[in-house]
Amino acid sequence: MDNVSVKHILVVDDDDQIRDLICEFMRKSGFVVSSACDAKSARQLMELFDFNLAVVDVMMPVEDGISFVKSLRQNGIDLPVLMLTALGEVDDKINGLSCGVDDYLTKPFEPKELILRINNILRRTDKSSLFNNDDNISFCDFVYNRKTQQLRCADDFVDLTSTEIVLLEYFIDNANKNLSRDDIACCLKLSDNLRGVDVIITRLRKKLESDKCKLISTVRNVGYRFII
């Protein structure tokens, strides 16, 4: 990995052993890594360095990972975040996606999957990627590129989480069709959690819609329709 492409990752976890293991594996995978034991220390590091991505644990003392990410987004900081959640903690996943987390990984996890998730997020959020017209899909004021999984409005890129990308592509593939909340939940792997579907659709709506552009329509007693 050359110096131009080296990515600086911030790992935030209060468990010393887990944090050290994550950092060690990521360094072996070619990343530059800094670590923090809590949200306060993470903010101090962010004042000193520019990071490409943060790996943040949900369960931390004083300020949990979800509150930390929410505060970043409220302050206009769009640093990509991979959230680490405990096994079976569905509410943590929903709350994380709601506050602007890009992806989540359930503990325990395989180190190779961690690296895969990180590389996927970095690829999606790399705004230096050029659009290939053959991969473009245009709707309203937007252009979505399937290959890079990037959404652009005029000259600006729209930041999408991995779950929002899955939902957008599902909507595009089923444009102008009525889609049940159950079908959408299945697509998002949120089966039996329709509340999570509504949360994610609300977030996507905020990024896609304006007074002159209404793309996601609520179909009473059915679900939703993506109109293009």
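In this predicted model, confidence is lowest in helix 4 (residues 90-99), with a mean of 64, and highest in strand 1 (residues 8-12), at 96. The score here is pLDDT, the predictor's confidence in each residue on a scale from 0 to 100. Helices (H or I, at least four residues) and strands (E, at least two) are DSSP runs, numbered from the N terminus. Across the protein the pLDDT averages 85, and 88% of the residues score at least 70. Where pLDDT is low, the predicted coordinates should not be read in detail. As this is a predicted model, local features need pLDDT of at least 70 and side-chain atom pairs count only at pLDDT 80 or more, while totals for chains, interfaces and linings use all residues. Residues are numbered from 1 along each chain as its sequence is written, and side-chain values use heavy atoms, with hydrogens and water left out.

Next, a pair of helices. The axes of helix 2 (residues 39-48) and helix 3 (residues 65-74) come within 10 Å and cross at roughly 35°; axes are lines fitted to C-alpha atoms, for helices over the stretch in contact, and angles run from 0 to 180 degrees between N-to-C directions. On the helix 2 side, the contact (heavy atoms within 4.5 Å) is made by Ala39, Ala42, Arg43 and Met46, and on the helix 3 side by Phe68, Ser71 and Leu72.

Then come the aromatic rings. Rings of Phe, Tyr and Trp (its six-membered ring) pair if their centres lie within 6.5 Å; planes under 30 degrees apart count as stacked, over 60 as edge-to-face and the rest as tilted. By this rule there are four aromatic pairs. One of them joins Phe49 and Phe51 edge-to-face, at 6.2 Å centre to centre with 70° between the planes. Phe49 is partly exposed because its relative accessibility is 38%, whereas Phe51, at 12%, is buried; buried means under 20% relative accessible area, exposed over 50%, and partly exposed in between (1.4 Å probe, protein chains only).

Phe171 and Phe226 have ring centres 5.4 Å apart and planes at 5°, so this pair is stacked. The pair links distant parts of the chain, with Phe171 in helix 6 (residues 162-173) and Phe226 in strand 12 (residues 223-226), 55 residues apart. Phe171 is buried at 0% relative accessible area, and Phe226 is buried at 0% too. Together with Phe139 and Phe142, Phe171 and Phe226 form one aromatic cluster.

Phe226 also turns up in the surroundings of Ala175: leaving aside neighbours within four places in sequence, Ala175 is in contact with Phe226 and Ile228.
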